[in-house]
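Please look over the sequence and the structure shown here. A short report on some of its local features follows.

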Amino acid sequence: MSPHLVPLKPALYADCSCPKCGQGGPEPLGTVFPGVHVLGEYRCRACGYAFYRDLPVGFAVDNAVSIGKEDGSLHDADGAESWVTTPLMEGYHHPSGREWKIERKVYRACKDIVLLNTLDFLYGHVLLKLWNAQYYLDHHRDKGLVLILPRSFEWLVPEGTAEVWLVDQRLGEAHGWYTCIDRFVQQRLKEYDTVSLGKGYAHPDKSLVDINRFCGVQPFPMEQFLERPKQVAFIWREDRLWFRSPFAKLAWRASNKLGLKPLVHKWFVADQERLVRATWKKIKHALPDAEAMIVGLGRPSTGHGAMEDLRRERMDKETELEWCRAYARCQVVIGVHGSNMLLPTALAAGCIEVLPHDRFGNMVQDIAVRYHDLMQLFLYRFVDEFAPPATVARHAIGMFRDFKVYYRDNKVNVP
Ligand SMILES: [Zn+2]
């Protein structure tokens, strides 16, 4: 069995130990699919303790988390992240009878499948798990790939997928123990001869991801960096901001805590826009033939004209694709750290990221790094969270002006 698969049927994974007495090889009893997690149900052959074990997929690959079936207690020997275990336990103790609509689409009927569960409460997590699909399509051609997917991601289903099970659920509602999802999955599982879970790693090697297979858009070809029209995109989000100073961030946080967000949020968003426009002004001054756009969730402005404004207040498939095509025209995308940077960096040649201090522990997790060589350091740049427009602009201008030398030194004049 491949280390990137977890067997489910005919024999359930049992390479685990009793969380009570430590005895290995418990008796497998079944599985539960409550949503984000996939759990195996076991009974210890030594002490009889019955437990659910979080199967090693998604964010659970490294942590043997178990829940005692009778005493309801959490066994967390490795100290899993609390953002994983807290909602899991919450859900376990308060299962939801809410009925989500789940639609099954069969493109190719298969009896032997890899089941990849991409459900998650964060946009970036779903996308990262979904990118694992390519590995299973290419390395397990004898099996059909079945995706459990939030419906809003259907537009990214790669060619060759055998089935999708689309869950009509907002990501914010993904945490929870939903009996309707388990019921749906258990009914389907009966139809197959063999079932393995895809591990769905949280950090797949993005340089191996062929983004065109997911969104149907070819990424910017690095070798045409200088030939193509100079294009920059500012990646826009309003729920995490680029601040001009520590004081501005402090004031924003304090006003949020005091419940003043509805009153002041607009001002900080407007200030972020001033930073973006000031940056663009400096880039444009140095590179008059460059063009820029603003892309992301937000209200498009009217009347400025200096930049193409592709912001939208609502998402749909057409908008997503329009944005993907826009990223793919860019040598450089500029934005604040977060999952908002995943698709832009998967499609653009390079990026400049404003990295908040409290996100250092997540550095580069949101960048779909496309290169294996030194061009990584040249094309992916990180600046301080209070970096002024002049600093960001200097990097962008440098990337255009210095590209020729770096490309020649690292891509051409190498054996
Ligand atoms: Zn035991």
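This is a predicted model: local features need pLDDT of at least 70, side-chain atom pairs count only at pLDDT 80 or more; totals for chains, interfaces and linings use all residues.

Several residues of helix 7 are buried: Phe268, Gln272, Val276, Thr279, Trp280 and Ile283. What do the buried residues of helix 7 pack against? Their partners are strand 12 (231–236), helix 6 (246–257), strand 13 (291–296) and helix 11.

## Helix 7 against helix 11

Two packed helices are described by the angle between their axes and by the distance between those axes. For helix 7 (residues 261–286) and helix 11 (residues 389–412), the angle is about 40° and the axes are 8 Å apart. The crossing of the two helices is right-handed.

On the side of helix 7, the contact is made by Leu275, Ala278, Thr279, Lys282, Ile283 and Ala286. Helix 11 contributes Pro389, Ala390, Val392, Ala393, Ala396 and Ile397. By class, the residues of this contact are 10 nonpolar, 1 polar and 1 charged. Thr279 and Ile283 belong to this contact and are also among the buried residues of helix 7.

Most residues other than glycine have a negative phi, and most peptide bonds are trans. Which two residues does a cis peptide bond join? The bond is between Lys9 and Pro10, with omega about 15°. Pro10 is placed in the loop between strand 1 (5–9) and strand 2 (27–32).

Val364 is not a glycine, yet its phi is positive, near 70°. The loop that holds Val364 runs between strand 16 (350–355) and helix 10 (375–379). Is Val364 buried, exposed or partly exposed? Val364 has 17 C-beta neighbours inside 10 Å, so it counts as partly exposed; a buried residue would need 20 or more, and an exposed one 12 or fewer.

Gly97 sits in the loop between helix 1 (82–93) and strand 7 (102–106). Gly97 is exposed, because 7 other C-beta atoms lie within 10 Å and the limit for an exposed residue is 12 or fewer.

How far apart are the C-alpha atoms of Gly97 and Thr179? Their separation is 6.1 Å, although the two residues are 82 residues apart along the chain.

Note on methods: Residues are numbered from 1 along each chain as its sequence is written. Helices (H or I, at least four residues) and strands (E, at least two) are DSSP runs, numbered from the N terminus. Axes are lines fitted to C-alpha atoms, for helices over the stretch in contact, and angles run from 0 to 180 degrees between N-to-C directions. A crossing is left-handed if the near helix is turned anticlockwise from the far one by less than a right angle, and right-handed if clockwise. Two residues are in contact if their C-beta atoms, placed from the backbone, lie within 7 Å. Ala, Val, Leu, Ile, Met, Phe, Trp, Tyr, Cys and Pro count as nonpolar, Asp, Glu, Lys and Arg as charged, and the others, Gly among them, as polar.
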